[in-house]
Amino acid sequence: MKKRKLSAALCGIMAFSVALTGCGGNTNEAAKQGETKTAETKKDGKILIVGRGGDSVGLDPITITDGESARVTENIMETLVKYKKENTEVIPGLAEKWDITPDGKKYTFYLRKGVTFHDGTPFNAEAVKFNFERWMDKSNPYHDKEGYEYYNDMFGGYKGDKDHVIASVDVKDEYTIVLTLNRPLAPLMQNLGMFPFAIASPDAVKKGTKEFNEKPVGTGPFKFEKWNRNDSITIAKNPDYWQKGLPKLDKVIFKVIPDNSARLTALTSGEIDIMDGLNPDDAKPVKENKDLQLFIRPSMNAGWLGFNVEKKPLDNVKVRQAMGHAIDKQDMIEAFYSGFAQPATNPLPPSIWSHNEQIKDREYNLEKAKQLLTEAGYPNGFKVKFWAMPVPRPYIINGQKMAEAIQQDFKKIGIDAEIVSMDWATYLDKTRKGEQELYLLGWTGDNGDPDNFLNNHFNKNNIGGSNRSFYKDEKVTDLLVKAQSEVDVAKRTAIYNEVQQIIFDQAILIPLVHSTPPIAAKATVKGYVPHPKGSESLEEVDIE
């Protein structure tokens, strides 16, 4: 096991050495690159180039669930409310203020005046109503036949469904919109700040939802410019942005560089300005480099080993428990995270209220794992296909290598795990449809509410959405719906604690880590604040 740690550390050191050699070993080439970048900056204004591990899946916020897409759309489109730049406290967005009735079933939003979409059409209450009706009504001509995973998960399905929360969306006047609910929804305001519920230009959507998914139109600080698939997305300053003096940048380019080490080389050579997916072993040398700076993203995530509990032998709780005992989480953290993570016991991270601290994790115990496999009827183990994530995410820093490490752990108890992978969009689509057996995935919280973790992933009505375990438990679903409707925080906490205990006992998934991902940038980048939800708007970022 210790060889794993040494290997990972050496890879990081070698990668950083190569990066420094590429930067300092060929002074003339580096100077040429610097001159080119300077000329480009003078010609086109201030351009921030963001290095990332994978391309966006799509750019229509309501249709996407992945972070690589959200980090782009968040800069193009805006929500009625948003979060403070350093946490998930709700503050005004496209709505300046709001009223909530005492029974928690009617929300009145007063919208900003003088805001226009990038296509020149006005933002108003009718535009908000158009978006809600598109999201919630399956018969709406602009509703995607595949549905909207986030809307289904956060609002209890769609119009006409038993648990659907929204009864009506009504225009009171040009700049006032009223949401009436069928039942109270405690996390409603937190939900409305999430990226999928950004307000799209109705005119642009009407021209074609497929086109909109590739050329989105919103009210945000940046306008969509172009998308070169699997290479880059460029967004440009919105000169008519309603927040005067913003954005400070003229353009942002999201550049795909799949390999973490290659991304660091691009940063040190001046090809990009900021990157995520930094190998944790490279954090120290980045911090010590005067030309670079290190950021730490606050933790609001969990990475896990998932099971499709409908498929044998993973439908057997003792098999799942056995696999939980076979993984050395601490060794994995030392090998891959270099201290930028902690072992996970629950899918709900400690940074979110109602995290159940009373649950004690399964110990790493191979004999216990073998005993449970024998009791389950698999004394000699079994074969299983193990899906490995193809892109780095904050919670799973290197899907392929981590899968290989877990594969070796499983081999010790007789489980033969065959690793398979595919492109990111296909991976997400196929796991949503339940084609996987064993898989790596995780979640970065969107809004700071436990509902966003627990209801999304364990409500039986979210199968085909975020519930990729295909877990069906009536009691758990009833508890989660009850927690949504309960406004008393202490009562909600008690419900969520019970749900976490049930999920742990049944080993519906094996939580692996909660990470605090390091981010590297050039020292010239100013005003960047990493948000715990995993992406942020860049309107206040500047280049010195």
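Where is the place of I233? I233 sits in strand β9 (residues 232-237), and the views below start from there. This is a predicted model, in which local features need pLDDT of at least 70 and side-chain atom pairs count only at pLDDT 80 or more, while totals for chains, interfaces and linings use all residues. Residues are numbered from 1 along each chain as its sequence is written, and side-chain values use heavy atoms, with hydrogens and water left out.

View 1. Helices (H or I, at least four residues) and strands (E, at least two) are DSSP runs, numbered from the N terminus. I233 is buried, at 0% relative accessibility. Here buried means under 20% relative accessible area, exposed means over 50%, and partly exposed lies in between, with a 1.4 Å probe and protein chains only. Leaving aside residues up to four places away in sequence, I233 touches R52, D55, S56, L59, V72, F224, K226, W227, V252, I253 and F254. Contact means heavy atoms within 4.5 Å. For a sense of distance, take N452: I233 and N452 are 219 residues apart in sequence, and their C-alpha atoms are 28 Å apart in space.

**View 2. Helix α3 under its cover.** Nine of the ten residues of α3 are buried, so the helix is mostly covered. Those buried residues are E68, S69, A70, R71, V72, T73, E74, N75 and I76. Which elements cover them? Among them are β1 (47-52), β8 (222-228), β9 and β10 (251-256). V72, one of the buried residues of α3, is also among the residues that I233 touches.

**View 3. The salt bridge of D276 and R71.** Side chains of opposite charge can pair when their charged atoms come close. A salt bridge is counted when a side-chain nitrogen of Lys or Arg is within 4 Å of a carboxyl oxygen of Asp or Glu. The structure holds 35 salt bridges. In the one shown here, the closest N and O atoms of D276 and R71 are 2.9 Å apart. The pair links distant parts of the chain, 205 residues apart: D276 is in the loop between β11 (274-275) and α10 (283-288), and R71 is in helix α3 (residues 67-76). Are these two partners buried or exposed? D276 is buried, with a relative accessible area of 15%, and R71 is buried too, at 11%.

**View 4. The salt bridge of E146 and R432.** The closest N and O atoms of E146 and R432 are 3.8 Å apart. E146 lies in the loop between α4 (125-136) and α5 (149-155) and R432 in helix α15 (residues 424-433), so the pair ties together parts that are 286 residues apart in sequence. E146 is exposed, with a relative accessible area of 52%, whereas R432 is buried, at 17%.

View 5. E310 is partly exposed, at 46% relative accessibility, and K472 is exposed, at 56%.

**View 6. Where domain 2 touches domain 3.** An automatic or database domain assignment gives the domain bounds: domain 1 (77-202), domain 2 (222-297 + 518-543) and domain 3 (301-515). The centres of domain 2 and domain 3, taken over C-alpha atoms, are separated by 30 Å. How many residues of domain 2 are in contact with domain 3? There are 13, and they meet nine residues of domain 3. The two domains bury about 840 Å² between them, 61% of it on carbon and sulfur atoms. Buried area is the accessible area (1.4 Å probe) that two parts lose on being put together, summed over both. In domain 2, N260, P280 and K533 lose the most area to domain 3, together 46% of what that side buries. Between these domains the count of salt bridges is zero.

**View 7. S201 in a loop.** S201 lies in the loop between α6 (188-192) and α7 (202-206). S201 is buried, at 0% relative accessibility. Apart from residues up to four places away in sequence, S201 touches F117, D119, T121, F212 and V217.
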